[in-house]
Amino acid sequence: MHGWALAGAVRRRTSAPSRKAVPMDVRAFNREKMQWLNAVSLECEVSSTAFRVAYLIADHHNRVTGFAWPSRARLAGKICLSSRSIQRAVVQLEELGWLAVDRQRERSNRYRMSWPPGRKPSHPPKEADGEDKIVCTERQECLSGEDKTVRQSYSTKYPKTFSSRPGGGKPGKRFSDQGRYEADIIRQFGPSMIEVLQKLNDVNSTAVERLCRMARDGTLTFSDIATARLAAAQCQGTQR
């Protein structure tokens, strides 16, 4: 009995000789995978969750076997979803024709990237498989010299800080976020502060910087703003 079972096992193993799979070219495989992902991302009926699942399946795709076999638990753990959410996403992709699912008993399913009828793009001509071609450089001129240091500002109307000098704190240190706090002062105390900051900077830029540092530290009060408004008005009077 034992010899018969062993012989049967040998017969079962040798009855279907394995065929070595031919791997797809890496560039062609990556191109087809990206074409598939781009098409899935533009499909209106595919939910955001289903696209995330499709991306993971494509990331697990094996170019030798031609399919992916990640478990639902693995997919769920990677994108912090439940196993049932993964199942619904797979069913949606399958029903829309973007995924072929070979369901295995007591094993992980096998997934193949698929195309709905008439949606698969035609292969590009052979000459397009080479390197990038030389294109016209019109309107792509590179500026000469190195990048220049500019002051940062978060104000949508005024792209630069009102101050024309680097900020202080310690000698040689820049107050790089001064423009941000200028915008905060304008939003908190009204658009009239634009003119106030401009006039103060014309006379003494450190006054603007001092207001911004107070705004950063949370010590700026209405009394400080009133003093700044008065100083700006006096500046305007002396200029006349």
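Reader: How many aromatic pairs does the structure hold?
Author: The structure holds three aromatic pairs, where rings of Phe, Tyr and Trp (its six-membered ring) pair if their centres lie within 6.5 Å, and planes under 30 degrees apart count as stacked, over 60 as edge-to-face and the rest as tilted. One of them joins Phe-189 and Phe-222, an edge-to-face pair at 5.2 Å centre to centre with 85 degrees between the planes. This is a predicted model, in which local features need pLDDT of at least 70 and side-chain atom pairs count only at pLDDT 80 or more, while totals for chains, interfaces and linings use all residues. Residues are numbered from 1 along each chain as its sequence is written, and side-chain values use heavy atoms, with hydrogens and water left out.

Reader: Where do Phe-189 and Phe-222 sit in the chain?
Author: The pair links distant parts of the chain, since Phe-189 belongs to helix α6 (residues 178-189) and Phe-222 to helix α9 (residues 222-239), 33 residues apart. Helices (H or I, at least four residues) and strands (E, at least two) are DSSP runs, numbered from the N terminus.

Reader: Phe-189, buried or exposed?
Author: Phe-189 has 11% relative accessibility and therefore counts as buried, whereas Phe-222, with a relative accessible area of 65%, is exposed. Buried means under 20% relative accessible area, exposed over 50%, and partly exposed in between, with a 1.4 Å probe and protein chains only.

Reader: Which other residues of α6 are buried?
Author: Besides Phe-189, the buried residues of α6 are Gln-178, Gly-179, Tyr-181, Glu-182, Ala-183, Ile-185 and Ile-186. The helix α6 has 12 residues and reaches 16 Å from its first C-alpha to its last, close to the 16 Å expected at 1.5 Å a residue, the expected span being 1.5 Å times one less than the number of residues. Just after α6, Gly-190 takes a positive phi of about 105 degrees.

Reader: And how do α6 and α7 cross?
Author: The axes of α6 and helix α7 (residues 192-203) come within 8 Å and cross at roughly 135 degrees, which means that α6 is oblique to α7. Axes are lines fitted to C-alpha atoms, for helices over the stretch in contact, with angles running from 0 to 180 degrees between N-to-C directions; angles under 35 degrees count as roughly parallel, over 145 as roughly antiparallel, 65 to 115 as roughly perpendicular and the rest as oblique. On the α6 side Glu-182, Ile-185, Ile-186 and Phe-189 meet Ser-192, Met-193, Ile-194 and Leu-197 of α7.

Reader: Switching to α2 and α3, at what angle do they pack?
Author: Helix α2 (residues 26-41) and α3 pack at about 175 degrees, with their axes 10 Å apart, so α2 is roughly antiparallel to α3. Lys-33, Trp-36, Leu-37, Val-40 and Ser-41 of α2 make the contact with Phe-51, Ala-54, Tyr-55 and Ala-58 of α3, contact meaning heavy atoms within 4.5 Å.

Reader: What about His-61, where does it lie?
Author: His-61 lies in the loop between α3 (48-60) and α4 (72-78), and at 10% relative accessibility His-61 counts as buried. Leaving aside neighbours within four places in sequence, His-61 is in contact with Phe-29, Gly-66, Phe-67, Ala-68, Tyr-111, Arg-112 and Met-113.

Reader: Last one, what does the secondary structure of the whole protein come to?
Author: The secondary structure comes to nine helices and two strands, which follow the pattern α-α-α-α-α-β-β-α-α-α-α along the sequence. Buried residues make up 31% of the 240 residues in the protein.
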